[in-house]
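The sequence and structure are shown first.

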Amino acid sequence: MNERHRAAWYDSLFRQGHAALAVIGLLAWSWLGPGPASVLLLPAWAASGQLIFAGSFEAARLRRRAWLGQYLRASSPWQRRLRGGPLMALRHQLLGLLLALLLLVQLRLLPPAHWAALAVAALMLGWWQASLRRRMARHVIDDYAASLTRHLLVWPVGGLLALLLVLLTLWSPQPYLVGLTWEEALVRHVTTTAGDTLLGFFERLAQAVELTQYWAMQNAVTRTGVDAGLALVGWLILLLTQSAFAWAFVRLMVGGDALRSRLTRRPESEREDSA
């Protein structure tokens with residue numbers, strides 16, 4: 001019993017170290033200068049996209065396997081045909097690349113106060129994961145405990161992080177855009193140090209979206225009252241952008257843990273098969 005608890009403690013410590021390295025890597029990316037960041041954009045995009053893909057594809061396969069086990073017999077050939085193949089992988093690859101691009105671009109524009117929220121979310125994810133796995137050990141098959149735990153924590157941690165980011169965004173200083181037209185606001189405040197590179201284009205696009213939400217919310221109050229449609233546009237952009245960023249961050253952390261778990265479990269599986 002003591003050996004089992006010691007192994008669980010070491011596994012939890014290793015997972016926390018993995019999460020810390022992921023946060024440090026993202027922080028280093030946000031601090032890179034415009035030149036090195038422009039050069040490393042494509043490799044960083046590909047790497048982070050694969051991490052997000054690892055977690056989302058694992059969750060999709062888990063849901064598909066549960067559905068097949070509920071409705072199909074184990075001897076049916078459709079068990080193998082419907083368990084998830086190239087089409088499912090392609091869809092999650094595209095989703096992973098899209099979320100990774102959003103994450104990398106937003107990290108370079110992130111205010112310092114938002115990094116505290118990301119650190120809290122990473123710590124919360126690791127602590128909840130270790131606690132939930134201990135509680136589920138008596139009820140869930142060992143081969144599915146880790147993946148099921150990761151799957152269950154994405155929504156609550158992502159939702160709390162999105163809410164915290166929205167509150168921090170509303171609390172943070174904003175450019176004064178009252179009385180300006182939308183085009184004037186973009187011309188005055190959309191700037192980037194990355195120049196005409198691909199990274200510079202995406203940074204300007206992200207700044208334009210952020211300024212649009214500020215402009216819509218600040219100019220919703222007019223002389224004739226409140227423009228409900230304009231206010232709704234601002235709030236929708238705010239909620240969608242912060243939720244997508246939180247979702248991408250949590251998916252990256254979960255995907256990194258899923259990849260670590262898969263790599264550490266493979267040698268054990270090979271030894272068991274040879275035995």
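Arg-150 and Asp-257 join their side chains in a salt bridge, with an N to O distance of 2.8 Å; the term denotes a side-chain nitrogen of Lys or Arg within 4 Å of a carboxyl oxygen of Asp or Glu. Because Arg-150 belongs to helix 6 and Asp-257 to helix 9, the pair ties together parts that are 107 residues apart in sequence. Helices and strands are DSSP runs numbered from the N terminus, helices being H or I with at least four residues and strands E with at least two. Asp-257 has a relative accessible area of 3% and is therefore buried; buried means under 20% relative accessible area, exposed over 50%, and partly exposed in between, with a 1.4 Å probe and protein chains only. Through salt bridges that share partners, Glu-58, Arg-150 and Asp-257 form one network.

The model is predicted, so local features need pLDDT of at least 70 and side-chain atom pairs count only at pLDDT 80 or more, whereas totals for chains, interfaces and linings use all residues. Residues are numbered from 1 along each chain as its sequence is written, and side-chain values use heavy atoms, with hydrogens and water left out.

Arg-150 also forms a salt bridge with Glu-58, where the closest N and O atoms are 2.7 Å apart. This pair links distant parts of the chain, Arg-150 being in helix 6 and Glu-58 in helix 2, 92 residues apart. Arg-150 counts as buried at 3% relative accessibility, and Glu-58 is buried with a relative accessible area of 15%. A further salt bridge joins the side chains of Arg-108 and Glu-203 (3.0 Å, N to O). Since Arg-108 lies in helix 4 and Glu-203 in helix 8, this pair ties together parts that are 95 residues apart in sequence. Both Arg-108 and Glu-203 are buried. The count of salt bridges comes to three.

Ser-147 is part of helix 6 and is buried, with a relative accessible area of 10%. Not counting residues up to four places away in sequence, Ser-147 touches Glu-58 and Leu-62; contact means heavy atoms within 4.5 Å.

Tyr-144 likewise lies in helix 6, but is partly exposed, with a relative accessible area of 30%. Leaving out residues up to four places away in sequence, Tyr-144 touches Leu-62 and Arg-65. The C-alpha atoms of Tyr-144 and Leu-62 are separated by 8.5 Å, although these residues are 82 residues apart along the chain.

## Nonpolar cores

The largest nonpolar core has 41 residues, of which Leu-103, Leu-107, Leu-118, Leu-161 and Phe-249 touch the most other members. Such a core is a set of buried Ala, Val, Leu, Ile, Met, Phe, Trp, Tyr and Cys residues joined through side-chain atoms within 4.5 Å. At least two residues of this core come from each of helix 1 (2–31), helix 2 (34–71), helix 4 (86–108), helix 5 (112–136), helix 6 (142–171), helix 8 (198–218) and helix 9 (228–274). Helix 9 gives the most, with eight residues.

Leu-161 touches Ala-117, Leu-118, Ala-121, Ala-246, Phe-249 and Val-250, not counting residues up to four places away in sequence.

## Helix 5 and the overall fold

The chain has nine helices and two strands, arranged along the sequence as α-α-α-α-α-α-α-α-β-β-α. Helix 5 has 25 residues and should span 36 Å at 1.5 Å a residue, which agrees with the 37 Å between its end C-alpha atoms; the expected span is 1.5 Å times one less than the number of residues. Among the buried residues of helix 5 are His-114, Trp-115, Gln-129 and Met-136.

Of the 275 residues of the chain, 40% count as buried. Among contacts between residues at least 6 apart in sequence, 76% join residues at least 24 apart.

## Surface

The chain exposes about 16,200 Å², and carbon and sulfur atoms supply 66% of this area. Accessible areas come from the Shrake-Rupley method with a 1.4 Å probe, and for residues only the protein chains shown count as cover.

Leu-42, Leu-198, Phe-201, Leu-205 and Val-209 make a nonpolar surface patch of about 440 Å². Patches consist of residues with over 30% relative accessible area and no salt bridge, like charges being joined within 9 Å and nonpolar side chains (Val, Leu, Ile, Met, Phe, Trp, Tyr) within 5 Å. Helix 8 gives the most to the nonpolar patch, with four residues. Leu-198 is located in helix 8 and counts as partly exposed at 40% relative accessibility.
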